[in-house]
Amino acid sequence: MRDYLRVLSRRWRVIALVALLGTATGFFASHTATREYRATTTLFASLQGGDDTSQLNQGNSFTQARVQSYADIVASPEVTEPVVKSLRLKVKPNELAEQITAEAPLNTVLIRLTVTDTKAKRAAQISNAVAERFAEVIRELESPDGDTSESPVRLTVTQPANVPTAPSSPKTTLNVGLGLAVGLALGLGLGAALETVDTSMRDSKALGECLAAAGGPPVLSSIVHDARASRRPVSLSDDTHSPRAEGFRKLRVNLQFAEVDRPPRVIAVTSPLPREGKSSVSVNLAATLAEEGATVCLVDCDLRRPSVAAALGLVRDAGLTTALVGKADVREVLQSAGSFSVLSSGMIPPNPTQLLGSSQFGSLVAELAEQFDHVVLDTAPVLPFADTPALAHAIDGYLLVARAGRTGRSQVTDTLRILERVNVPVLGAVLNDAPVRGEGTAHGYTYRYQPKPERSPRLTALVSTRLASVVPRRGASAAGRTAPVSAKTRP
């Protein structure tokens, strides 16, 4: 049941959309369908003659048996052709026959004749006309010598047809309810199908299982979804104690224990595919490392689609590629992002893979590693490009970023296989854009710390004065007298 509820919670948008489409279809079908009206005339069949009780009983049984056959004659040409001529209808007799239905309830001598038409008044007229003609036809059929006055059976109209006030079809409520039911059923089926074929990582548990199956590293942290992340790229400056900021602090602590014998100083942050949040993780990792007082340099090595400078409001044209081609010293193109330094990408070169795999790049990163405690490299995605494996000679390890609900299991596995070939360890993985509820309640509780606001000096002085007037000083009673000294005193 928990799995089914999880499917509903994940795919509720699809289910709701399909249910809404089904409801709209039923509503639209009701309003576009041709309205039809039904008019019903009730006839009573009676047997003429017979005075004693036995004859009446026999006549009643005879009439009940005959009524069932009469109902099949209502739509016969003997009835429909005269009605078409008398009412001057623009339909053929066989077409009118399709609009007529008759029923004879069991153990009764009643015949209910119903006519369906697109106009209410015309439906009532046709129903009454058919009833009159039908009664004449029965009298002719039951007359022994063709004299209708001697017919033993007579059909009498007991309830003529009235003009219907509402259409009999379409039934809007029924159609809308049916559309909703069908939409819900299709939505649930579609949601279950999408859940079956969806191999993306939904939470850190799924990512951890995928990494363990591939013999990869552990999940170091989960970064929860925040709608303000695109407008405020540095989470620490936005809300110091937000769940997103705490996720990056957890990443920083776990990175310190990723390689105990050789703590990584140059870390390349990458992802299997674009738009998975690796640049956001790189920026916040640099800010979190600098929070401890360490010197940090963030280098934008994504020479395909650089985004660090734009996110931090810095200049992109002078940076990494400027220093690699010898147009400027690396210290001349470093920029400040507050608590950490940034080396932007510079102009986009035609040969990113060759530049990142060159010895000049290795020397540049080594120079930065001497000047800073930590160097964070924001690199290109692994699967589309060969840039990230090419810079393996200059780094201490990779940090793999996967996006919840987007990155698939096969993509994570393929990325790990590519990175394993360069003999540089993958330090760990980060689940970005994780669901707040799923990650926050993973252990049965949620926690959010907010420091208490400091009291103003004026408020503190006022509280102290009030307390002094109520609470007696040490060694004095409430009346201001000296409290008695204990008899046990030290010499």
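Biologist: What share of the contacts in the protein chain with a separation of 6 or more comes from residues 24 or more positions apart?

Modeller: This is a predicted model, in which local features need pLDDT of at least 70 and side-chain atom pairs count only at pLDDT 80 or more, while totals for chains, interfaces and linings use all residues. Residues are numbered from 1 along each chain as its sequence is written, and side-chain values use heavy atoms, with hydrogens and water left out. A contact means heavy atoms within 4.5 Å, and among the contacts with a separation of 6 or more, the share from residues 24 or more positions apart is 78%.

Biologist: How many helices and strands does the protein chain have?

Modeller: Helices (H or I, at least four residues) and strands (E, at least two) are DSSP runs, numbered from the N terminus. Counted in this way, the protein chain has 19 helices and 12 strands.

Biologist: In what order do the 8 strands of the open sheet lie, and which are the edge strands?

Modeller: Strands of a sheet pair through backbone hydrogen bonds, either parallel or antiparallel, and here two strands count as paired if DSSP finds at least two bridges between them. The pairing in this open sheet is mixed, and the order is β5-β12-β11-β6-β10-β7-β9-β8. The strands that pair on one side only, and are therefore the edge strands by the rule for pairing, are β5 (219-224) and β8 (335-336).

Biologist: Which residue in β10 stands opposite D300?

Modeller: Strand β7 (residues 296-300) pairs with strand β10 (residues 374-378) in the parallel sense, over 5 bridges. The residue of β10 that stands opposite D300 is D378.

Biologist: Why are R249 and E246 separated by about one helical turn, and how far apart are their closest N and O atoms?

Modeller: The two residues are separated by about one turn because they are 3 residues apart in helix α10 (residues 243-256). R249 is buried, with a relative accessible area of 12%, whereas E246 is partly exposed at 36%. They form a salt bridge, that is, a side-chain nitrogen of Lys or Arg within 4 Å of a carboxyl oxygen of Asp or Glu, and their closest N and O atoms are apart by 2.9 Å.

Biologist: How many residues apart are R252 and E292, whose side chains meet in a salt bridge?

Modeller: The N to O distance in this salt bridge is 3.7 Å, and R252 counts as buried at 9% relative accessibility. The pair links distant parts of the chain, with R252 in helix α10 and E292 in the loop between α11 (278-291) and β7, and the separation is 40 residues.

Note on methods. Buried < 20%, exposed > 50% of the residue type's maximum accessible area, 1.4 Å probe, protein only.
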